[in-house]
Amino acid sequence: FETALASRDFLEYVWKGEQVEFFIDLMKRTMLLSEWDRDSYLIPSLLRDRYVLPETGIPGHRCVYYFSSGFLPNGVFQRLLCLCVELSSRNGNGNTDLKLYENFTSIELEKGSLVHLLENKEAQAISVFTEKTHAAQRVMSVIQSMLLKVNHDVMGAGLAWETYVENNTRELVSLSEAKRQKLAPWFDSNRQLETEKTSTGKVDLETFLESLS
C-alpha cells in the first residue's frame, strides 16, 4: 500500500507550496487523508491492490452493512479506512501489522483486537469481522458511528443501509431481530448497545474521534 502514502514534501510539490496546511486540513475533515507518521499521510483513494478472499474465509464475528436499498458510492469505504487508521493511531496501535487494500483492511481499532473490513461493490455491502468475541458489540457500534459521520459530513445524509449480524449458525439476521433475541455477542443483556457514542452530525471530526477513543 506504499502507493497510497504521500510525504509532506510531495504534497508541498503538488500544491506548489501554497496553502498546504489548509489543503491537508480540508482533506482530513472530508476524510480523504489521515496522518500515517510524522512525515507522511495515507490517502486511501490511491490504494490499487485488491484483496482476494481466501478459501478459508475471513476469521471473526461478521456484521454486514447492506446499501442495497440505495447504493454504495465510491469513497465511502475509503473514508471508513481513514477513520479507522486515525482511531487506531489514537489508541496507541502502530502501523506494522496493518494490511491495506483497495477493498480490504486488517487493523487493530483497540490494542489486541483485530478487525477486518471488506467492501463488496457487487453486493453493495461492507462486511466487518471482529476476531475477539468480547469486542464484537463495541466494534459494531464504532463502525456504525463512523458510517453515520461519513453520511452526515460528506454524503448529505443520502446514504441508507441495513445492518445484519451473524448468529451462532453463521446465518445473517437483521439487527432488530438480533436485538429482540439478545443475540450474543452483539447484544449483552447486562450492557446496552451504544449505536452512537456522540451526536455525530453536530461535532467536528476531532471531537468525534476523541469520543470513540
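Hi everyone, let's start with a pair: Glu 166 and Arg 62 form a salt bridge, with their closest N and O atoms 3.1 Å apart. By salt bridge I mean a side-chain nitrogen of Lys or Arg within 4 Å of a carboxyl oxygen of Asp or Glu. This pair links distant parts of the chain, since Glu 166 sits in strand β9 (residues 162-166) and Arg 62 in strand β4 (residues 61-66), 104 residues apart. Helices (H or I, at least four residues) and strands (E, at least two) are DSSP runs, numbered from the N terminus.

Before going on, a word on the source: this is a predicted model, where local features need pLDDT of at least 70 and side-chain atom pairs count only at pLDDT 80 or more, while totals for chains, interfaces and linings use all residues. Residues are numbered from 1 along each chain as its sequence is written, and side-chain values use heavy atoms, with hydrogens and water left out.

Back to our pair: are the two partners buried or exposed? Glu 166 is buried, at 7% relative accessible area, and Arg 62 is partly exposed, at 22%. Buried means under 20% relative accessible area, exposed over 50%, and partly exposed in between, using a 1.4 Å probe and protein chains only.

How many salt bridges does the structure hold? There are 12. One of them joins Glu 21 to Arg 8, at 2.7 Å from N to O. Glu 21 belongs to helix α2 (residues 20-29) and Arg 8 to helix α1 (residues 8-14), so this pair ties together parts that are 13 residues apart in sequence. Arg 8 itself is partly exposed, with a relative accessible area of 24%.

Arg 180 and Glu 177 both lie in helix α5 (residues 175-181), 3 residues apart, or about one turn of the helix. Their closest N and O atoms are 2.6 Å apart. Arg 180 is exposed, at 60%, and Glu 177 is partly exposed, at 25%. Salt bridges with shared partners also join Arg 8, Glu 12 and Glu 21 into one network.

Now the whole chain. Its secondary structure comes to 6 helices and 10 strands. Of the 213 residues, 45% count as buried. Among contacts (heavy atoms within 4.5 Å) between residues at least 6 apart in sequence, 65% join residues at least 24 apart.

Thanks, and do have a look at these pairs in the structure above!
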